[in-house]
Amino acid sequence: MGKHRRPSRAARVSANVAGIATLTAAGVVAGVAAPAFAASDDSRGPEDTGLTQAVVISDVMADNVGAQAETQRSAADEAAARLQAEETAQKKASDAKERHAEAERKIKEEREAKERAARDEERKRLGTYVSPIDGSYVSTSYKASSGLWSSGSHTGIDLHAETGTSVHAVAAGTIVEAGWGGAYGNNVVIKHNDGTYTQYGHLSSLDVSVGQTVTPGQQIGLSGATGNVTGPHLHFEARTGAGYGSDIDPIAYMSAHGVSL
């Protein structure tokens with residue numbers, strides 16, 4: 001809608017005069033106007049009649065009404081401005097909250113990703129197989145025949161090693177035997193996570209005990225010449241069970257896990 005301009009003072013006065021003239025015709029202001037006109041003197045200037053006073057009073061009232069309207073408009077504008085400021089503040093707070101939530105979500109996702117990567121790496125590490133002795137070689141093969149063994153054949157392989165050479169767990173697992181093993185001398189037996197077992201015989205010393213968990217490559221003892229031997233070496237067996245007689249080919253066993261002996 002277009003703006004309505006307030007009538008000029010001259011126009012308001014004219015309108016008021018016309019309105020008062022109408023009232024005069026109706027007898028409403030006759031008592032006020034008549035004495036004023038009767039007392040007029042041609043030798044004097046214009047008199048301040050009741051009609052003029054009525055016009056002035058009406059104009060003041062109009063000014064008051066206009067001021068009140070302006071005050072109301074100003075109050076409305078201030079209220080609208082406050083409402084707009086509140087809405088802006090609420091929007092900023094909401095945006096800040098969303099940004100904070102998004103940042104928290106990203107931090108959580110990154111943390112969970114790192115945790116998954118760490119778990120995967122740990123599983124990979126624990127699933128790794130290594131050689132029981134670094135840089136060694138097979139000096140006596142699996143199932144070799146000899147009267148040196150009670151079964152008549154070799155139940156494992158012998159790996160060349162001087163006394164005191166570090167012997168490692170080939171994979172993660174739990175120690176189920178650690179101590180004297182008769183013909184095996186000082187020996188260690190490990191149960192691995194896949195349910196298979198490995199045995200390490202003729203050790204000069206032990207670094208683990210029954211119930212202890214080990215990781216791939218962890219030292220479990222030192223090689224030696226204890227038990228039924230002709231010289232220092234490591235006797236290494238792979239088994240399907242913890243006891244004697246459950247042996248399987250250790251070369252094939254390690255090869256299946258990516259390790260060549």
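Me: What is the bridge partner of Leu-159 in S9?
Reply: Leu-234 is the partner of Leu-159 in S9. This is a predicted model, where local features need pLDDT of at least 70 and side-chain atom pairs count only at pLDDT 80 or more, while totals for chains, interfaces and linings use all residues. Residues are numbered from 1 along each chain as its sequence is written, and side-chain values use heavy atoms, with hydrogens and water left out.

Me: What makes S2 and S9 a strand pair?
Reply: Strands pair if DSSP finds at least two bridges between them. Strand S2 (residues 157–160) and S9 are joined by four bridges. Therefore S2 and S9 pair. They run antiparallel.

Me: Which strands named S6 and S10 meet S9, and over how many bridges?
Reply: Strand S6 (residues 197–206) is joined to S9 by five bridges, antiparallel. There, Tyr-200 has Phe-236 as its bridge partner in S9. Strand S10 (residues 247–248) pairs with S9 in the antiparallel sense over two bridges. Ala-238 stands opposite Ile-248 in S10.

Me: Why is S9 called largely enclosed?
Reply: Buried means under 20% relative accessible area (exposed is over 50%, partly exposed in between; 1.4 Å probe, protein chains only). Seven of the seven residues of strand S9 (residues 233–239) are buried, so the rest of the structure largely encloses the strand.

Me: Which residues point which way from S9?
Reply: His-233, His-235, Glu-237 and Arg-239 point one way. Leu-234, Phe-236 and Ala-238 point the other way. All of them are buried.

Me: How do you know that Arg-239 and Glu-237 form a salt bridge?
Reply: A salt bridge is a side-chain nitrogen of Lys or Arg within 4 Å of a carboxyl oxygen of Asp or Glu. For Arg-239 and Glu-237 the N to O distance is 2.9 Å. That is within the cut-off, so the pair counts. In general, side chains of opposite charge can pair when their charged atoms come close.

Me: Are these two partners buried or exposed?
Reply: Buried. Arg-239 has a relative accessible area of 2%, and Glu-237 has 0%.

Me: What makes Gln-199 a polar contact of Arg-239?
Reply: A polar contact is a pair of N or O atoms within 3.5 Å; within protein, one must be able to donate a hydrogen and the other to accept it, and residues adjacent in sequence count only if both atoms are side-chain atoms. The side chains of Arg-239 and Gln-199 are joined at 2.8 Å, so the distance is within the limit. Another polar contact, of 2.9 Å, joins the side chains of Arg-239 and Glu-237.

Me: Which residues does Arg-239 contact, leaving aside neighbours within four places in sequence?
Reply: Contact means heavy atoms within 4.5 Å. The partners of Arg-239 include Tyr-184, Thr-196, Tyr-244 and Ser-246. Ile-248 is also one of them.

Me: Why is Lys-91 with Asp-95 called a salt bridge?
Reply: The N to O distance is 2.9 Å, so it meets the cut-off. The two residues are four apart in helix H3 (residues 50–126), which puts them about one helical turn from each other. Asp-95 has 24% relative accessibility and counts as partly exposed.

Me: What network do Glu-102, Arg-105 and Glu-109 form?
Reply: A network of salt bridges links them. Within it, the closest N and O atoms of Glu-102 and Arg-105 are 2.3 Å apart. Glu-102 and Arg-105 lie in helix H3, three residues apart, about one turn. Both are partly exposed: Glu-102 stands at 32% and Arg-105 at 37%. The structure holds six salt bridges.

Me: What makes the nonpolar core a core, and how many residues has the largest one?
Reply: A nonpolar core is a set of buried Ala, Val, Leu, Ile, Met, Phe, Trp, Tyr and Cys residues joined through side-chain atoms within 4.5 Å. The largest one has 24 residues. Val-188, Ile-190, Tyr-200 and Ile-220 have the most contacts inside it. S2, strand S5 (186–192), S6, S9 and helix H4 (250–256) each give two or more residues to this core. S9 supplies the largest share, three residues.

Me: Which residues does Ile-220 touch, not counting those up to four places away in sequence?
Reply: Among them are Val-167, Ala-169, Val-188, Ile-190, Tyr-200 and Leu-206.

Me: How many helices and strands does the chain have?
Reply: Four helices and 10 strands. Helices (H or I, at least four residues) and strands (E, at least two) are DSSP runs, numbered from the N terminus. Of the 261 residues, 27% count as buried.
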